[in-house]
Amino acid sequence: MKINIGISEEHREAIANELSKVLADSYMLYLKTHNYHWNVTGELFHSLHEQFEEQYTELAEAIDEIAERIRSLGYRAPGTFKEFNELTSIEEDTEEPEALEMVRRLALGNEQVLRTARHALQPANDGEDEATVDLLTQRLDVHSKTAWMLRSHLE
């Protein structure tokens with residue numbers, strides 16, 4: 001069935017492509033945050049363990065919303081690790097960092113998602129896709145606050 005939601009196919013495709021990058025970055029940040037939740041140690045264990053759990057839980061919900069927005073635009077949402085790995089700008093960890101290094105890396109990861117989401121705003125604005133603009137604005141708010149809270153640990 002042809003999609004007729006008031007956004008051209010060209011704009012829907014551009015928006016879905018950028019949202020796919022936001023989805024990939026969000027998923028990779030989710031994995032990193034969940035990994036750190038499981039593996040954090042040291043005197044900050046309890047507070048970071050809880051903070052990381054709050055963050056990965058929020059990210060899990062966001063991932064679903066982003067993927068569903070891509071689908072509502074008429075495009076397939078990437079859903080494999082291979083696809084995410086090709087689309088993401090967040091590097092996977094290959095070692096086990098100390099607690100404060102985990103915090104630093106998560107702050108950087110949240111800042112990266114912010115940059116990716118900001119980049120996705122342009123095609124959403126161009127296509128007059130208020131629903132995607134709203135979704136991205138919410139993500140900008142969450143990741144800005146999360147990055148700030150994480151950076152505060154490092155001061």
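**Buried residues and salt bridges**

Student: Why is Glu-18 called buried?

Tutor: The relative accessible area of Glu-18 is 12%, and buried means under 20%, exposed means over 50% and partly exposed lies in between, with a 1.4 Å probe and protein chains only; Glu-18 therefore counts as buried. The model is predicted, so that local features need pLDDT of at least 70 and side-chain atom pairs count only at pLDDT 80 or more, whereas totals for chains, interfaces and linings use all residues. Residues are numbered from 1 along each chain as its sequence is written, and side-chain values use heavy atoms, with hydrogens and water left out.

Student: What is in contact with Glu-18, leaving aside its neighbours within four places in sequence?

Tutor: With those neighbours left aside, Glu-18 is in contact (heavy atoms within 4.5 Å) with His-119, Ala-120 and Pro-123. Glu-18 itself is found in helix α1, residues 9-39, where a helix is a DSSP run of H or I with at least four residues, numbered from the N terminus.

Student: How do you know whether His-143 is buried or exposed?

Tutor: His-143 has a relative accessible area of 1%, and on that value His-143 is buried. This residue is placed in helix α5, residues 130-153, and, apart from neighbours within four places in sequence, His-143 is in contact with Leu-29, Leu-59, Asn-110, Val-113 and Leu-114.

Student: Why is Glu-50 called partly exposed?

Tutor: Its relative accessible area is 37%, and for that reason Glu-50 is classed as partly exposed. Glu-50 lies in helix α2, residues 45-72, and its C-alpha atom is separated by 7.6 Å from that of His-37, 13 residues apart along the chain. Asp-64 also has its place in helix α2, and at 42% relative accessibility Asp-64 counts as partly exposed too.

Student: What makes the contact of Asp-93 with Lys-32 a salt bridge?

Tutor: The closest N and O atoms of Asp-93 and Lys-32 are 3.6 Å apart, and a salt bridge is a side-chain nitrogen of Lys or Arg within 4 Å of a carboxyl oxygen of Asp or Glu, so the pair qualifies. The pair links distant parts of the chain, with Asp-93 in the loop between α3 (81-87) and α4 (99-126) and Lys-32 in helix α1, 61 residues apart. Both partners count as buried, Asp-93 at 19% relative accessibility and Lys-32 at 11%.

Student: Which other residue meets the side chain of Asp-93 in a salt bridge?

Tutor: Arg-105 does, at 3.0 Å from N to O. This pair also links distant parts of the chain, because Asp-93 is in the loop between α3 and α4 while Arg-105 is in helix α4, 12 residues apart. Arg-105 is buried, with a relative accessible area of 17%.

Student: How do you know that Arg-104 and Glu-101 form a salt bridge?

Tutor: Their closest N and O atoms are 2.8 Å apart, and the pair is accordingly a salt bridge. Arg-104 and Glu-101 both lie in helix α4, three residues apart, which is about one turn of the helix. Arg-104, at 36% relative accessibility, counts as partly exposed, and Glu-101, at 23%, is also partly exposed. Salt bridges that share partners join Lys-32, Asp-93, Glu-95, Glu-101, Arg-104 and Arg-105 into one network.

Student: How many salt bridges does a search of the whole structure find?

Tutor: The search finds 10 salt bridges.

Technical notes: Helices (H or I, at least four residues) and strands (E, at least two) are DSSP runs, numbered from the N terminus.
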